[in-house]
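I opened the model today to look up two things.

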Amino acid sequence: MNLSVYSEIGKLEKVLLHRPGEELENLAPFYLTDLLFDDIPFLKKAQEEHDYFANVLKNNDVEVLYLSKLLEETLTINQLKNQFLDEFLDFSDIKNKFIFELLKEYLLSLETKKMIDKIIAGVRSDELEIKRNIFSLRVRRADIEIPFFLNPMPNLYFQRDPVAILGKGACINRMKTQARRREVMLMEYVLKYHEDFKGTEFYYEKEFPYSIEGGDILILNNKTLAIGISQRTSPEAVEILAKRFLKENKDSFEKIIAFIIPHDRAYMHLDTIFTMVDYNKFLVHANLRGDLKTFTIFKTDKGFDFQEQEKSLEEILKEHLHLDHVQLIKCGGGDIIASHREQWNDGSNCLAIEPGKVIAYDRNYVTNKEMEKAGIEVFEIPSGEISRGRGGPRCASMPLIRRNMV
Ligand SMILES: NC(=O)NCCC[C@H](N)C(=O)O
């Protein structure tokens, strides 16, 4: 099956999601921030909200694929399951070889679907039967600071970040923090070995030393990428992508606009502070005013070069997208309290399902009204629980196919 994503707004035809599961039940206050959460969602309601989201997509003729199901369809032979587990446990940085073996034996004893759910949910240290009397195992199990032998992956429902589909290929991202680093392996295996996806070209690999996350990459059109250099994404990673696209001509992209954004949780990724909602309309963080520092990386005869610019977002978008007029819609309408309140719940992050039609959290009603005033059709989804992970509908989805724009 071909991947094809050349814009942020072209009619969405196929999308990848992860339905939140037991991994959210494995969150507890004393290690919450290490796992990049600020609060604990109520799983049952979070799942209902997720299902509502998936249904809005389906009702709009979008095919919804689930990551765990795809991985289950991939790991059909024992040899591949073994290889996956070895690599996954290795990538999980499990130093104690007895724990490694114990986990592998346990996970292999489960049928594939259960094994995948377990890997995502995490394995508690008191969950495994320790038959052998090994000192380090006993100590680690008793250590309250480390309640898991295998940590949960509660951020997996933010499918935007670990593997980014760009054009016809994929970036297998190196996530900034250990908390999210292993997530990428699930889709990596699907893209390498699933019948429908194998042969997909990789533009970035998780083994590269520089971090990059999908939330920082916006596909403005088939020639132009916007990438945030942020708390999560490094300039070196952007340079590697520039080499792939502008020098090696791996896909149709010819220009990268690198936005320097504050290294702050409120500006976590570029898509936290702006998303594209129509040909010339963008939803933005209300504080995004004045001139922004950007580096435009462009093709030359020898490969690529770059130019530093300081201009308003409006001017940057007009120039690079060849538009006469750009409308910036402010999160929270720019009201000092509403904009910060709704920004906290990812008000600037919505998912376009076609030009001028978006999915947004219902709790960001001030922002949604602003969008409607600007002529955008907004499908609101319930968001009391899923918003607690600090990501919006764009973060919680990875487009696999969007219809090309004319
Ligand atoms: N693209 C995004 O902004 N994704 C949201 C990720 C939230 C997650 N709790 C994280 O901190 O990585």
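In what order do the three strands of the open sheet run, and is the pairing parallel, antiparallel or mixed? I read the order as β2-β1-β19, with mixed pairing. The model is predicted: local features need pLDDT of at least 70, side-chain atom pairs count only at pLDDT 80 or more, and totals for chains, interfaces and linings use all residues. Residues are numbered from 1 along each chain as its sequence is written.

Terms for the sheet: helices (H or I, at least four residues) and strands (E, at least two) are DSSP runs numbered from the N terminus. Two strands pair if DSSP finds at least two bridges between them.

I followed β1 (residues 12-17) next. Four bridges join β1 to β2 in the parallel sense. V15 sits opposite V64 in β2. Helix α2 (residues 67-74) packs on the sheet and touches β1 and β2 (contact: C-beta atoms, placed from the backbone, within 7 Å). The direction of α2 makes about 60° with that of β2.

Then I turned to L225. Leaving out residues up to four places away in sequence, L225 touches I217, L218, I219, L220, F253 and I256.

Notes:
Contact = placed C-beta atoms within 7 Å. Axes fitted to C-alpha atoms, helices over the stretch in contact; angles between N-to-C directions.
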